[in-house]
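I opened my notebook to look into the charged pairs of this structure first, and then into the surroundings of its ligand. I write down each term with its cut-offs where I use it.

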Amino acid sequence: MSDQQALVSEKEARDVAEAARETEWQHPSFIRELFLGRFRLDLIHPHPRHVDPDEQLRAADFMAKLRAVLESVDSDEIDRTGEIPEPVVQQLRDIGALGIKVPREYGGLGLSQATYIRAMEMVTSKDGSLTALLSASQSIGVPQPLKLFGTDEQKQRFFPRIAKGAITAFALTEVNAGSDPANMATTATPTEDGKHFLISGDKLWCTNGTRAELLVVMARTPDVVVNGKPRKQITAFIVEANTPGVEVKHRLRFMGLKAIENGVIRFDKVKVPRENILWGEGKGLKLALVTLNTGRLTLPASCAGAAKAMLEVARKWGAERVQWGQPIGRHDAIAQKIGKIAATTFAMEAVAELATALHEQGGYDIRLEAAIAKMWNSEAGWHIVDETLQIRGGRGYEMAESLRRRGEKAVPIERAMRDFRINLIFEGSSEIMRLFIAREAVDHHFKLAFNLVNPESTLQQKWQAFLASAKFHPLWYVGTWVGLPRTYGEFGALAKHLRWIARTTRHLGRSIFHAMLRFGPKLERKQSVLFRAVDIGAELFAMSAACVRARMLAKEGNREAVALADVFCRHARVRVAERFDQLFGPDDDATYRLAREVLDGRHAWLEQGIVSQWPASASDAASGANDPMARTVRPEAAGVGD
Ligand SMILES: Cc1cc2nc3c(=O)[nH]c(=O)nc-3n(C[C@H](O)[C@H](O)[C@H](O)COP(=O)(O)OP(=O)(O)OC[C@H]3O[C@@H](n4cnc5c(N)ncnc54)[C@H](O)[C@@H]3O)c2cc1C
């Protein structure tokens with residue numbers, strides 16, 4: 001059987017994802033309410049502020065030490081050699097940077113998530129490879145799931161080692177299991193006495209895998225039978241990297257993050273004791289998802305750190321570089337970019353800080369906020385890096401080392417761009433984040449009324465759905481048209497934006513409902529429609545976060561933040577209006593049809609005249625897939641060009 005044939009069906013992939021999904025909402029969420037058309041400002045305002053004077057002192061001490069280490073690091077050298085020197089790793093160990101959140105009772109720094117994300121923000125502003133090392137170890141590696149799901153015995157065993165600086169990794173991805181874990185092929189087979197498991201398989205792109213002492217490994221344990229059908233089980237194990245059978249097969253190299261310690265890790269009958277299972281057999285995928293809920297809070301802050309570094313460059317170069325008689329920052333085109341970079345950076349920080357503060361405050365379900373923060377900040381940050389490169393002109397494209405050699409300031413924008421791009425892919429790609437968010441955005445309506453619009457449901461199911469829907473939807477729907485008028489006067493110059501967000505939230509809620517009525521069960525497949533709704537929700541969250549943060553800062557005496565939040569909201573409103581204009585995608589069907597034609601090779605003629613970069617395999621050669629003319633008719637010959 002070929003690899004392709006071995007892949008699971010779409011239904012199976014969905015079933016596995018659905019089984020791992022957290023279905024209950026025990027705590028409130030601002031964004032969940034937002035998608036239901038309800039603007040619950042009370043859930044995020046006043047901005048939660050976790051102030052623990054003891055923690056603040058310890059955090060300040062740690063951040064000062066971290067800054068000192070970072071200032072001594074030569075990041076261009078790390079980028080050029082593709083290696084983080086061992087003394088740098090040791091310095092980070094010595095200051096506790098690999099055990100920032102490990103509780104103090106186990107020898108860690110015991111600092112909060114808020115301090116941790118600020119540390120990662122600072123590290124990223126200097127060196128993405130160092131962020132990868134620290135963050136893969138602590139955001140998704142062993143300490144995070146250990147804290148959430150570990151037994152006391154497991155904590156006693158592993159936390160002290162991590163506090164001392166043991167590097168850890170998280171191994172989920174495989175060649176055929178990227179966004180879709182249902183394809184996982186790594187197995188964990190129980191030994192006859194049931195006391196151990198033998199793990200076999202290859203894990204791909206495992207960050208820190210080449211250097212880690214401990215790994216969290218996801219593997220398939222034997223299926224269980226649910227309702228007469230076998231159900232796939234994925235289980236999480238803590239694996240010691242020095243166990244016989246663990247092998248670093250390849251060290252992998254990338255466009256950016258040149259010194260990331262990433263590899264293909266082979267597991268060949270690796271014997272792991274049952275006591276190393278985290279949480280329980282079959283709970284591995286859910287564990288991965290829950291771990292990522294908090295783990296994902298790091299990336300938004302890290303992206304904000306990169307954005308702040310870009311802002312500094314845009315500000316200084318915009319003022320320093322004179323062309324056509326004045327600093328480029330005063331030419332309108334560049335000024336517009338600088339203004340937007342500043343406003344967006346402010347919003348990115350607001351999003352990262354708010355999501356983390358909500359998590360720290362407790363009693364709040366963070367999963368949608370974390371997903372939106374990851375998706376939105378990584379995309380906004382990428383745009384900022386791109387614009388900063390443009391502001392730097394040719395110097396933006398030139399390597400720092402080359403700038404230094406000819407006596408100019410070695411500002412590493414091209415490195416920042418190479419390092420940044422992966423943020424839109426790992427820890428849940430932008431598309432997978434949108435799918436995840438969209439699933440929750442429609443969940444309430446689908447739960448109540450799905451059978452009403454599903455042509456396959458029975459009369460009885462339709463009737464039950466009608467009753468459930470009749471109880472909720474009429475009153476709710478009226479509420480999406482007429483909201484209680486509120487002025488939001490305490491927000492001063494930002495009040496108009498909050499009134500707009502409140503109105504637009506209602507518009508979003510009923511638009512999602514209209515989409516369900518219009519497309520019925522097919523809505524699930526209308527990714528473009530759902531994704532636009534998600535994007536509107538994300539912009540509304542970013543606007544709300546920016547306003548709430550500006551209000552908090554203004555109260556503390558910082559009036560400047562209001563201008564940043566105001567300009568951010570003005571631009572976000574334009575983006576939201578565009579998305580609403582296109583919500584039901586007048587061009588989606590035509591574009592989808594065209595994509596199908598492209599995939600079928602009907603437009604391969606367009607690739608004439610190039611030198612193919614796609615290495616030919618035997619099957620490509622047989623099918624002519626590498627020959628743009630093999631399966632197509634030249635447009636001229638078909639008379640298309642006439
Ligand atoms: C530098 C680096 C570090 C990494 N570190 C780790 C790590 O430490 N541990 C680990 O386990 N993994 C790690 N990964 C893996 C990373 O999380 C995956 O790359 C990511 O999950 C996406 O999987 P994929 O690359 O196979 O993309 P694919 O799943 O092949 O997807 C390809 C494209 O299709 C899109 N797509 C896929 N499915 C859908 C769908 N249903 N609808 C719409 N679009 C879809 C994706 O968004 C993407 O754009 C790392 C990867 C890299 C490159």
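**Entry 1: salt bridges.** I looked up the salt bridges and found that the structure holds 50 of them, a salt bridge being a side-chain nitrogen of Lys or Arg within 4 Å of a carboxyl oxygen of Asp or Glu. I noted that this is a predicted model, in which local features need pLDDT of at least 70 and side-chain atom pairs count only at pLDDT 80 or more, while totals for chains, interfaces and linings use all residues. Residues are numbered from 1 along each chain as its sequence is written, and side-chain values use heavy atoms, with hydrogens and water left out.

**Entry 2: Glu 261 and Arg 251.** I found that the side chains of Glu 261 and Arg 251 meet in a salt bridge, at 3.8 Å from N to O. Glu 261 lies in the loop between β6 and β7 (262-273) and Arg 251 in strand β6, so the pair ties together parts that are 10 residues apart in sequence; helices (H or I, at least four residues) and strands (E, at least two) are DSSP runs, numbered from the N terminus. Are the two partners buried or exposed? Glu 261 counts as buried at 7% relative accessibility, whereas Arg 251 counts as partly exposed at 26%, where buried means under 20% relative accessible area, exposed over 50%, and partly exposed in between (1.4 Å probe, protein chains only).

**Entry 3: Glu 414 and Arg 418.** I saw that Glu 414 forms a salt bridge with Arg 418, with the closest N and O atoms 2.8 Å apart. Because they are four residues apart in helix α17 (residues 413-420), Glu 414 and Arg 418 are separated by about one helical turn. Both Glu 414 and Arg 418 are buried.

**Entry 4: Lys 526 and Asp 589.** I noted a salt bridge between the side chains of Lys 526 and Asp 589, at 3.3 Å from N to O. This pair links distant parts of the chain, 63 residues apart, with Lys 526 in the loop between α20 (495-519) and α21 (527-555) and Asp 589 in helix α23 (residues 588-599).

**Entry 5: the ligand.** I then looked up the ligand and found that 18 residues surround it, among the closest Phe 170 and Glu 431, a residue being near a molecule if one of its heavy atoms lies within 4 Å of it. A nitrogen atom of the ligand is 2.8 Å from a polar backbone atom of Phe 170. Helix α18 gives the most to the shell around the ligand, with three residues.

Technical notes: A polar contact is a pair of N or O atoms within 3.5 Å; within protein, one must be able to donate a hydrogen and the other to accept it, and residues adjacent in sequence count only if both atoms are side-chain atoms.
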